[in-house]
Amino acid sequence: MWNSERSQPNGGGSGSATKTLGMTSAISTAEPKPEDIQKTKELEKSLEPYNVFEAEEELNHRMEILAKLNTLVKQWVRDVSIAKNMPEAMAEKLGGKIYTFGSYRLGVHHKGADIDALCVAPRNIERSDYFGSFFELLKQQPEVTECRAVEEAFVPVIKMNFDGIEIDLLFARLALKEIPDNFDLRDDMLLKNLDQKSVRSLNGCRVTDEILRLVPNIDNFRLALRTIKLWAKRHGIYSNSLGYFGGVSWAMLVARTCQLYPNAVAATLVHKFFLVFSRWKWPQPVLLKQPDNVNLGFMVWDPRVNVQDRFHLMPIITPAYPQQNSTFNVSSSTRKVMLMEFNRGMQITDDIMMGKQMWEKLFEAPSFFYRYRHFIVLLVTSSNADDHLEWCGLVESKIRYLILNLERNQHINLAHVNPKCYEQHEQNAATTLSGADGKPNPFCSLWFIGLEFERSENLNVDLTESIQNFTDSVHKHAVHIKLLKDGMKIEARHVRRKQLTQYLDPNLLKRERKISDSYTQSCSAGGGNSNGSASPADAASRKRKSSDLGSSATASASSPMALGSNGSASKKRRNDSFDGTSNGSFCSTSSTTVSQTMVDVPNVEGNDANTSTNADSNAATSQSVTPSATSISSSSAANGGRGEGNAPSTSSEEPPSSGGMLEEESAFEPSTTASGTNGSNNGNDSSSANNANAAPAATSAEVACS
């Protein structure tokens, strides 16, 4: 029932070659060659050190946990129904069931990964029952720890640790009297008359099952997806909340590659994945099938009807009704970073397939801290572990709005957020932000954003407004959802590369320095970009001389001291998906103090761009420093929602096209549903009016490259 190793629904091998899978016919139905099979064996072996496979004993443990949870749901449904005066004989027949989705359901979860699950209940069970009596029942179980409800999230969830396994459990109430054990959620009519929260909760299971149904060979799909997910995580482009692609988006891209090459083995699929998506004509959408012509009144992704859909930069459309864009968080900066990584992946896999490199080269983590000379560091502090978990979840879900704020600055070419959260170094605990009692807060996490500025003479860039709007919005939202507690603080500081030693473990920076130096040497020797460790700015830097950036990172009134960090990734945090309410205006005001940050960027001739990877380049170059300014205190809510209204333009540079591209006409039928927007409008009124009668940027259904 909950086994991630689902039987293959479509068959595989040459039998699927005669079928048209997805929106187009296959690019190639060629059978694998012996060297392709050998490359696949090498690929599978190269994945083993990264713990992407789970032992049979661990898989069985997950099955046992889900069976216990399923029994608990049936017992709870029965007890609640009897408490509501239903005859016991009828209550016994009501059922209730646990479904899984996400990486576990797809069969690509890694060792120690969490489980995404859904509790489905009959119509007599209310959502209030789920977050009331069922939540209390879970807390009483001896195997359950760290149990908490996030009822106010966009997709309400109960999070817990069940016998050592993290579980995110959603809830959906169906308009049915009973939920039998063999019940299938793929029927679109199940959504009729359901509330939005239940539809959102059901969407995960329905999308996952549809992806598995639409791939020609599940085993090849799984191995290729494991590879791509590991690559994306190692290269820092795996995070839906921060504006990169999330798990379901990567799964749909790999599934589309499988449809275009239905008989290919995993090694070939990985290579073709980079070929296809390094040349994809974004913002043309990626679709796995023709959109369902279902009209139940739910909003679906359609740029011809919904103006805000026209501003999505890299749309990947879920295959189950109601179709949604799984990548609506992508910004101009995250798009540039991902396109650069796609192109690097193409170069590396070309070398691998020609025998010039091993698969391990694909998984080498690039240097982040030697890519840029300027950074914004976000310091998030709390007074206890439980508060810190919630506070970090909220801040992480809001960082993408800071990126949007920074992108609006005409002098910033790129704001590259590192998805890894770094923890405070114990030996530097005394240097963290202080609490109300004057003592350092014991819990501190850090996020880093690399900045690339435009080339200009004696450029002064004021980041104060962008940072202040972000910190204001985070505090106001925390007050709005009643999450803000004593000891919770957030501060954004501008730092230069040579100041990173005050925040990060020196050993981490030494490792990054070696990676950067290795890349510089390989570029000097080979004249190419083959190892994937360069910065997103490198392509532009080769066309122009970069500015030698000076800076002034002014201190706040309290002159907080710098932090140290051991550089290790933080323990798993629960992301509570606060985004559901983040598009609304914040009704509460909150006072926050930020530093006025001025960056002085002089134009220095003769400074080659590639030398920006050298650690001593900043020290060897004269700097122009702007004097510190006094701290600014703000309690106004006027700019609280700044950064959420206007969507990025889709006119940014496109990846190179291929002469072998196959184009399709629009796959979307005119929608018969209401055309009202869902949430805030991604564009101001004037831009919406200008685009209303124009052909949308993302109306072509798909492009495949040979």
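1. Asp114 counts as buried, because its relative accessibility is 17% and buried means under 20% relative accessible area, with exposed over 50% and partly exposed in between (1.4 Å probe, protein chains only). Asp114 lies in the loop between α4 (102–106) and β2 (115–121). Helices (H or I, at least four residues) and strands (E, at least two) are DSSP runs, numbered from the N terminus.

2. The model is predicted: local features need pLDDT of at least 70, side-chain atom pairs count only at pLDDT 80 or more, and totals for chains, interfaces and linings use all residues. Residues are numbered from 1 along each chain as its sequence is written, and side-chain values use heavy atoms, with hydrogens and water left out.

3. An unreviewed UniProt entry places the feature "binding site" at Asp114 and Asp116. UniProt positions are given in the numbering used here, feature names are shortened, and annotations may be inferred rather than shown by experiment.

4. Asp116 is found in strand β2. Leaving aside residues up to four places away in sequence, Asp116 touches Tyr99, Thr100, Phe101, Gly102 and Asp168; contact means heavy atoms within 4.5 Å.

5. Strand β2 has neighbours in β1 and β5. Two strands pair if DSSP finds at least two bridges between them. Strand β1 (residues 97–101) pairs with β2 in the antiparallel sense over 5 bridges, and Phe101 has Asp116 as its bridge partner in β2. Strand β5 (residues 165–173) pairs with β2 in the parallel sense over 7 bridges, and Asp116 stands opposite Asp168 in β5.

6. Strand β2 is largely enclosed by the rest of the structure, because 7 of its 7 residues are buried. Ile115, Ala117, Cys119 and Ala121 point one way from β2, while Asp116, Leu118 and Val120 point the other way.

7. Leu414 lies in strand β7 (residues 412–417). With a relative accessible area of 2%, Leu414 is buried. Leu414 and Ser332 are 82 residues apart along the chain, and their C-alpha atoms are separated by 8.1 Å.
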